[in-house]
Amino acid sequence: MKEKTLDTISWKWWLKNLFTNKNSLYTIIAIIVTLIIIGVLNKTLDNYQIRILNLCAIYIILALSMNLINGFVGLFSLGHAGFMAVGAYTCALLTMSPEVKQMNFFLKPMVPWLANVQVSFPTGVLMAGIMAALAGAIIGAPVLRLKDDYLAIATLGFAEIIRIVFTNLQSITNGALGLKGLPNTVNVWWTWGIAIATIIFMILLIHGSYGKAFKAIREDEIAAEAMGIGLFKHKMMAFIIGSFFAGIGGALLGHLMGTIDPLMFRFLLTFNIVLIVVFGGIGSITGNVIAAVIVTIMMEVLRVLDGRMDFGFIEIQGIPGLRMVVFSIMLMAVILFWQRGLMGTKEFSWAWLKRVSRRMVFRTKDC
Amino acid sequence: MSLTIFMQQLVNAASLGSLYALLAIGYTMVYGILRLINFAHGDVFMLSTYFAFYAMTSFLLPWYISFAIAIILTILFGTVLERGAYRPLRNSPRISIMISAIAASFLIQNLAVVFFGGIPKAFPSVPIFSKIIQISGVSSSSISVIIPIVTILVLFILGYIINQTKMGMAMRAVSKDYEAARLMGINVNTVISFTFGIGSALAAIGGVMWGLKYPQLIPLMGLMPGLKCFIAAVVGGIGNIKGAVIGGFILGFGEIMIVAVSVYMPYDLSGYRDAFAFVLLIAILLLKPDGIMGKSSVEKV
Amino acid sequence: MAILRTDNITMKFGGLTAVSNLKINLEENQIVGLIGPNGAGKTTAFNMITGVYLPTEGKVFYKDMDITRKKPHEITQFGIARTFQNIRLFKELTVLDNVFVANHLRLKSNWVSSVIKTPRYITKEKEMHIKSLELLEKVGLIHVKDEDSYSLPYGMQRRLEIARALATDPKVLLLDEPAAGMNPQESQDLMGFIARIRDDFNLTILMIEHHMQVVMGVCEKIYVLDYGITIAEGNPFEIQNNQKVIEAYLGVD
């Protein structure tokens, strides 16, 4: 861009810049290519594989939402499953038809003000995010004054409380029975559309002034405060935004599964996301995206360990639980030997790609 | 609530509180020295009950030998855990150590599923622990009375070790100032191993008694008591052994009373029993973050 | 009118009194030194002024406004910035971003406009960017702007801390041992540098320092603390000849 006087930046310039700026142009092209690939996969893969494709996108959303809180602001929060539960239940209860609700609530009738509500899926997803964000605000206000382990254990505690409350609120959540027959509206366009929107949102947020303020808090709270960055305000902001996306992820997950119950939202679910974030690099958006895809696919591949394995000549009886053993060992190995994960806090970017490719070109010339 | 029922619940509360206290001490000691939440402590506790179970059912050993073996194996396991999962990360950021602890916890749970199976197992009943005792109308199983007595005994021994022995002195020194203790020639690694050993021993004693009182074993049985006992340690003031005992009893008493009182309530509260610990945690963190017995600390700038 | 004034501030940690009845008076554009042996309570005094600690007793005034109970980030927003004795840079951020993020407090846009990059926000971001570059130019760090801050040599890290504090647009700057770990030549340069930024940015400076050469060379007024008690105050000449100060530094038998 030629020297442009500062006060002439307008929305028109903004729009023009979006399509003339090389980096944003590359990004738009990359998004289109990704969407084409998704479309092709959607046509060629079988139902089970498409389900995994959906799961990848959902885990990208979840990993990025945790990464914002844990990776960028450096708050060790373990409450993700709770926010996901809020999102999943909100969306399910709002989108299920009155008939399906009536079938579900056979032990105890549903509260009347919810029984006849039905909204469209997009509205439901949006409400899921908003309710989770609200839960984040209510929980964050008291616990974000805590640090490190205390924060971790308090957020974990709140997630458990949410789960216990949902188990006991029979007339709203159907208690331990859970909800069955969630509308089957989730497809790759929904999941990947939201995942890509989440990725772009996070990148823009992190590269902006607020993102840098988040990182400053992560690096040194006391110095950040001395630079005029209000700790509580910024922590709350990240916590609420993270909860919002966790709620959306939870809603999508619920609709993909078709059934939800409180047991689904145990600490184990949070642990899955922690694995992705650690594996991808705590504080790297691109690292997390890659890790979400790898880990999701691997978890499905490892399912063979739990089932029966048939090698033609020999048949091994599957051992239930072995998958999770391998999974835990993986996380231990990453944290013991490869602490910074795939990407550390670094990012994959167009500038980086340019540097690397240029270096490779030079190297081939030298040869 | 009649007095008899109240007394009966009080006995239950005392025994549950004792079990929580034994487990909470393990958390508080490790935290006091390493500033680490040993997430796997609850799973070490779970293992001890399985050790005792297999010694009694597969090897048909008498209960006292089985319990001794269980305690010894658990101690070994606890020290090995520290070496494998925590020692390599001693100088890493706290977030890494904590993730390692969570991973270790899940690894143990899932190994237990693989080796012991996911189906609940019944802890064998030992006649002298399952007798019904009646004192002036209050009836209770003998184990409910034995648990608090054993716990008090164990606490006295623990008090002796910490206050009177050389190792105890070293432990106190390391928890006051890790670096200074190291520079004074204290072998910090030995002290830490010893701490994990004691913590595991207490967890194992609690574990076998837990098995006798609540005789259903599942691989995930350590998860909830583990979390709750860490909370008990925080409530009492982390790093403080007396605090852990107090926290354990508050928790045990509160939980039993929620269930007991719930009978008389218009709305059944017993489902919220497990939430009590977490509500208590959040209340204490907001009101007195250093716990009941804790001292406040100032961050150095 | 004093720009910064402490009214008998006292800080007790349990039974220990780290600072007692400290009275500091900063006139506009002064450079004032706060000296004393190790453990005299100098950094504690800084922490009370900047809101990190709440004084057990006494009050802190900035331009006659009581800021005693304000939070550290509010105090910085009023116009009091500081550096730290044990350098506290944002390690994984680049040199430029360290300075950039210190502009954040003057950003008037909300986070939504930072995500959708509204024209107004971009304008503001550009201003912050240019200002950060100018500051790095002034402290001589422009050539390392893209390095990670932890990779800088010690002396540069100190200068970066000062640049970062300046980016918050302060009226009063508190420097906690800016010359620590510097050789005599570097300290000499630092003296000139401090005097220069005072003039360039129209600052009032309060600094803790051990290097007597620096303090005596640049400060117009000096406070001497010993075991939390103010044992002397005055101009460099008076301090150098004060019997109590000599005793505190050399010790008496």
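A:Tyr150 lies in helix α8 of chain A. The model described here is predicted. A:Tyr150 has 18 C-beta neighbours inside 10 Å, and therefore counts as partly exposed. The buried class would need 20 or more. A:Tyr150 is 53 residues from A:Ile203 in sequence. In space, the two C-alpha atoms are 29 Å apart.

Helix α8 of chain A covers residues 148-168 and also holds A:Asp148. A:Asp148 is not a glycine, yet its phi is positive, at about 40 degrees. A:Asp148 counts as partly exposed because 16 C-beta neighbours fall inside 10 Å. A positive phi is also found in chain C. There, C:Asn21 has a phi of about 45 degrees, although it is not a glycine. C:Asn21 belongs to strand β2 of chain C, which covers residues 16-22. With 15 other C-beta atoms within 10 Å, C:Asn21 is partly exposed.

The fold of chain A is considered next. Chain A has 18 helices and four strands. Its C-alpha trace spans about 70 × 60 × 40 Å along the principal axes. For 367 residues, a compact globule would have a radius of gyration near 21 Å. The value for chain A is 22 Å, so chain A agrees with that expectation. Buried residues make up 48% of the 367 in chain A. Contacts in chain A with a separation of 6 or more were also examined. Of these, 81% come from residues 24 or more positions apart.

One helix pair in chain A involves α3 (residues 47-72) and α15 (residues 285-301). The two axes come within 8 Å and cross at roughly 140 degrees. That angle makes α3(A) oblique to α15(A). A roughly antiparallel pair would need an angle over 145 degrees. The crossing of α3(A) past α15(A) is right-handed. On the α3(A) side, the contact is formed by A:Ile52, A:Leu55, A:Cys56, A:Tyr59, A:Ile60, A:Ala63, A:Leu64 and A:Asn67. They meet A:Ile285, A:Asn288, A:Val289, A:Ala291, A:Ala292, A:Val293, A:Thr296, A:Ile297 and A:Glu300 of α15(A). By class, this contact has 13 nonpolar residues, three polar residues and one charged residue.

Chain B has twelve helices and four strands. Its C-alpha trace spans about 60 × 50 × 35 Å along the principal axes. A compact globule of 301 residues would have a radius of gyration near 19 Å. Chain B has 19 Å, so the two agree. Of the 301 residues of chain B, 50% count as buried. Contacts between residues at least 6 apart in sequence were again considered. In chain B, 74% of them join residues at least 24 apart.

A helix pair in chain B is formed by α10 (residues 223-236) and α11 (residues 241-262). Their axes lie 7 Å apart, and the packing angle is about 120 degrees. α10(B) and α11(B) are therefore oblique to each other. The roughly perpendicular class runs from 65 to 115 degrees. α10(B) passes α11(B) in a right-handed crossing. From α10(B), the contact draws on B:Lys228, B:Cys229, B:Ile231, B:Ala232, B:Ala233, B:Val235 and B:Gly236. From α11(B), the contact draws on B:Gly243, B:Ala244, B:Ile246, B:Gly247, B:Gly248, B:Ile250 and B:Leu251. The classes in this contact are nine nonpolar, four polar and one charged.

Chains C and A also touch. In this interface, 32 residues of chain C are in contact with 29 residues of chain A. On the chain C side, the elements that give two or more residues are α2 (72-78), α3 (95-101), α4 (111-116) and α5 (119-139). The largest share, six residues, comes from α5(C). The chain C side divides into 14 nonpolar, eight polar and ten charged residues.

How values were computed:
Residues are numbered from 1 along each chain as its sequence is written. Chains are lettered from A and ligands numbered from 1 in the order in which they are written. This is a predicted model: local features need pLDDT of at least 70, side-chain atom pairs count only at pLDDT 80 or more; totals for chains, interfaces and linings use all residues. Axes are lines fitted to C-alpha atoms, for helices over the stretch in contact, and angles run from 0 to 180 degrees between N-to-C directions. Angles under 35 degrees count as roughly parallel, over 145 as roughly antiparallel, 65 to 115 as roughly perpendicular and the rest as oblique. A crossing is left-handed if the near helix is turned anticlockwise from the far one by less than a right angle, and right-handed if clockwise. Two residues are in contact if their C-beta atoms, placed from the backbone, lie within 7 Å. Ala, Val, Leu, Ile, Met, Phe, Trp, Tyr, Cys and Pro count as nonpolar, Asp, Glu, Lys and Arg as charged, and the others, Gly among them, as polar. The radius of gyration is taken over C-alpha atoms; the globule rule is 2.2 Å times the number of residues to the power 0.38. A residue is buried if 20 or more other C-beta atoms lie within 10 Å of its own, exposed if 12 or fewer, and partly exposed in between; C-beta atoms are placed from the backbone.
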